[in-house]
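Dear colleague,

Please find below the structure that I am handing over to you, together with its sequence. My notes on what was found in it follow directly after.

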Amino acid sequence: MLVAMLIAGLNYNSNLGLAFAFLMVSVALVTMHHCNRNLLGLQVDVTTEVDAFAGREANFEFVLRNDSNVDRRDVEICCLAAAGMRSVPARSSESVPVSVPAPKRGVIRIAQFELRTRYPFGWFHAWTYVQGSLTAYVAPAPHGMRTLPAAAGLGSVSRSETRGEEDFAGLRAYEPGVPLKHMAWKVLARGGEAAVRSYTDLAAQPEWLEWSSLEGQDTETRLSQLCLWVLESEAAQRVFGLRIPGKEVPLGRGAAHRFACLRALAVYGIAEAR
């Protein structure tokens with residue numbers, strides 16, 4: 001368009017047309033340099049490993065750091081089919097969440113992602129590729145109809161065998177050394193014998209989530225049921241372990257233990273998982 005304006009201005013000896021064409025060429029050159037500078041020296045950090053569930057999204061957290069005295073506007077991060085955009089003020093940083101679709105169980109590996117911008121007017125497109133190994137462990141979708149093995153087998157556990165601090169199980173005879181906070185003072189006040197309150201701590205009983213306990217179901221159904229059990233056990237703060245063919249996650253609890261179990265389910269049967 002600018003070339004056509006220049007030719008028309010020269011052909012018709014239009015000083016106004018030539019001036020406008022030269023002005024637009026100058027604006028285009030300045031815009032091109034501003035577009036390139038918008039990415040120049042920008043630093044990016046990212047969480048290299050994330051966890052997700054099949055049918056949902058893997059959420060990577062990028063952080064753009066701008067150490068210069070110039071604001072960086074409309075910087076877009078593209079990762080596979082997903083993207084996120086932020087502006088980063090001078091001498092500051094901004095978090096950019098990017099949600100990558102995770103349609104099925106397995107491992108999503110991303111070798112590189114793209115930073116790009118069309119600032120300021122969208123006339124030019126500046127981009128750069130960042131090499132980085134990003135991994136998303138996609139666990140099976142948590143669903144199933146069976147109850148936790150611990151809940152199914154509570155009838156075989158005697159409450160008097162396990163003492164804890166959670167569920168009231170009744171009264172028992174006083175024994176020297178029992179903390180006074182467990183004394184049944186109301187019973188003693190009514191003239192009864194000294195007794196103490198007994199509690200059970202069923203969450204402290206270790207339980208194994210077994211592949212073999214789901215006979216008659218296909219692989220993905222078993223994995224989904226085990227995934228649901230892992231989440232329910234963690235929510236109940238139980239000590240649990242996971243046993244699947246070729247892999248055993250030792251007894252434990254907590255966020256790190258949950259992630260270890262979910263990743264074991266995510267990579268099950270995948271030859272490339274390392």
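Predicted model: local features only at pLDDT ≥ 70, side-chain atom pairs only at ≥ 80, totals over all residues.

As general background, nonpolar side chains tend to be buried together in soluble globular proteins.

Neighbours within four places in sequence being left aside, its contacts are Leu 42, Gln 43, Val 44, Val 75, Ile 77, Val 88, Ser 92, Ser 93, Glu 94, Val 96 and Leu 115. Leu 64 of S3 is also the bridge partner of Val 44, and Arg 65 of S3 is the bridge partner of Gln 43.

Three strands make up an open sheet with antiparallel pairing, in the order S1-S3-S6. Strand S1 (43-46) and strand S6 (92-102) are the edge strands, each pairing on one side only. On average, and with direction ignored, neighbouring strands of this sheet are turned by 25 degrees against each other. Between S1 and strand S3 (residues 56-66) there are four bridges, in the antiparallel sense. S3 and S6 likewise run antiparallel and are joined by 11 bridges; one of the residue pairs concerned is Arg 56 with its partner Ala 102 in S6.

The last item is Thr 117, which is found in strand S7 (residues 106-117). Is this residue, Thr 117, buried or exposed? Thr 117 counts as buried because its relative accessible area is 2%, and the cut-off for a buried residue is under 20%. Its side chain takes part in a polar contact of 2.9 Å with the side chain of Asn 38. The side chain of Thr 117 also reaches the backbone nitrogen of Tyr 119, at 3.2 Å. Not counting residues up to four places away in sequence, Thr 117 touches Cys 35, Asn 38, Leu 39, Arg 73, Asp 74, Phe 124, His 125 and Ala 126.

With kind regards

Technical notes. Residues numbered from 1 in each chain as written. Heavy atoms only, no water. Pairing = 2+ DSSP bridges. Helix = DSSP H or I, 4+ residues; strand = E, 2+ residues; numbered from the N terminus. Axes fitted to C-alpha atoms, helices over the stretch in contact; angles between N-to-C directions. Buried < 20%, exposed > 50% of the residue type's maximum accessible area, 1.4 Å probe, protein only. Polar contact = N/O pair within 3.5 Å; in protein donor to acceptor, adjacent residues only side chain to side chain. Contact = heavy atoms within 4.5 Å.
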